[in-house]
Amino acid sequence: MKLYLSWALVPVLAVISSAMLNPPSYAFKQEDVDKLKNTGECEGCDLSGANLQGLFKNIVTNINLKGANLSGANLAESNLLGADLTGANLTGANLTRTRLTGANLTDANLTGANLTGANLTDANLTRANLTDANLTRANLTNANLTNAKFTEKSYEQLAEQLEDPKLTDKERDVILDKIMDKRMNNLCANFTGANFTGAQINKTNIHIFPFAFTILTNIQGVSPDILEILERYGNPIPC
């Protein structure tokens, strides 16, 4: 029995064949990866999508990734102690259990980055963008978060929806559930002694800040009334 291929399937098969023959490629160059591994420096390099898991298992000083593009890179369990990541693009990067103690992340973009279990003790995150970053069990003890950005448009939109007097109890619960899901991204993050000077925290937006279930002992840079509210939000469960 003869089998005939429907012409309708030809474009589909063409796409599949193209994808198989031309797998997606990342922008990074292997020589840049090698340069970083050999010298600890790659200022301004495009390392987007690079697999750098476990980088620098031994302590390396003067790591320079200033202005580097590390979006989508895998830096899980890497040792970036004291690294200069000023202005680096770490959008969507995997920084799970990465050691960033004392690192300079001034003006870094960490939007959507996974910082689960990362050590950011004494890190400088001035003006860093942490929108939608996952800080579950991250350690930010004594970190400098001056003018850091945590809030995002979706939070603000949800907050505005909560102000609608026509909301039913069920609709309000749905919105609160969405906010809670976002807050769970920071489960047990440790902000002990962190400096929040200039961070966008005020009484009108505090209920949408992603600080539920976090440790907020002795934080700095916020007014006493805001501090009281933040501490009420934090520490409700044992971490």
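Q: Which exposed residues sit on the face of helix 2 turned away from its buried side?
A: Glu31 and Asn38. Keep in mind that this is a predicted model.

Q: And which residues of helix 2 are buried?
A: Asp32, Val33 and Leu36.

Q: Why do those count as being on the same side of helix 2?
A: Because they cover an arc of only 105° around the axis. That puts them on the same side of helix 2. As a general point, an α-helix has 3.6 residues a turn, so residues three or four places apart point the same way.

Q: What follows helix 2?
A: Gly40 does. Its phi is positive, near 80°.

Q: Okay, cysteines. How many disulfides are there?
A: The structure holds 1. It joins Cys42 to Cys45, with the sulfurs 2.0 Å apart.

Q: Which hand does the link of Cys42 and Cys45 have?
A: Left-handed, with -85° about the S-S bond.

Q: Are Cys42 and Cys45 buried or exposed?
A: Cys42 is buried, at 0% relative accessibility. Cys45 is buried too, at 8%. The cut-off for buried is under 20%.

Q: Switching to charges. How many salt bridges does the count give?
A: It comes to 2. In one of them, the side chains of Arg97 and Glu77 meet at 2.8 Å, N to O.

Q: Where in the chain are Arg97 and Glu77?
A: Both lie in the loop between helix 2 (30–39) and helix 3 (153–162). They are 20 residues apart, and the pair links distant parts of the chain.

Q: What is the relative accessible area of Glu77?
A: It is 30%, so Glu77 is partly exposed.

Q: Which residues make a salt bridge at 2.7 Å?
A: Arg127 and Asp107, N to O. This pair also links distant parts of the chain. Arg127 and Asp107 are in the loop between helix 2 and helix 3, 20 residues apart.

Q: How accessible are Arg127 and Asp107?
A: Arg127 has a relative accessible area of 44%, so it is partly exposed. Asp107 is partly exposed as well, at 37%.

Q: Now Ala103. Where is Ala103 found?
A: In the loop between helix 2 and helix 3.

Q: Is Ala103 buried or exposed?
A: Buried, because its relative accessibility is 1% and the cut-off is under 20%.

Q: Which residues does Ala103 touch, leaving out those up to four places away in sequence?
A: Leu80, Gly82, Ala83, Ala123 and Asn124.

Q: And how far is Ala103 from Leu81?
A: In space, 6.0 Å, C-alpha to C-alpha. In sequence, Ala103 and Leu81 are 22 residues apart.

Q: Last topic, aromatics. How many aromatic pairs turn up in a search of the whole structure?
A: The search finds 1. The partners are Phe191 and Phe196.

Q: What is the geometry of the Phe191 and Phe196 pair?
A: The pair is tilted. The ring centres are 5.6 Å apart, with 50° between the planes.

Q: Why call the pair tilted?
A: Because planes under 30 degrees apart count as stacked and over 60 as edge-to-face, with the rest as tilted. The angle for Phe191 and Phe196 is 50°.

Q: Are Phe191 and Phe196 buried or exposed?
A: Phe191 is buried, with a relative accessible area of 0%. Phe196 counts as buried at 1%.

Definitions and conventions:
Residues are numbered from 1 along each chain as its sequence is written. This is a predicted model: local features need pLDDT of at least 70, side-chain atom pairs count only at pLDDT 80 or more; totals for chains, interfaces and linings use all residues. Side-chain values use heavy atoms; hydrogens and water are left out. A salt bridge is a side-chain nitrogen of Lys or Arg within 4 Å of a carboxyl oxygen of Asp or Glu. Helices (H or I, at least four residues) and strands (E, at least two) are DSSP runs, numbered from the N terminus. Buried means under 20% relative accessible area, exposed over 50%, partly exposed in between (1.4 Å probe, protein chains only). Contact means heavy atoms within 4.5 Å. Rings of Phe, Tyr and Trp (its six-membered ring) pair if their centres lie within 6.5 Å; planes under 30 degrees apart count as stacked, over 60 as edge-to-face and the rest as tilted. A disulfide is a pair of cysteine sulfur atoms within 2.5 Å. The arc is that of the directions from the helix axis to the C-beta atoms.
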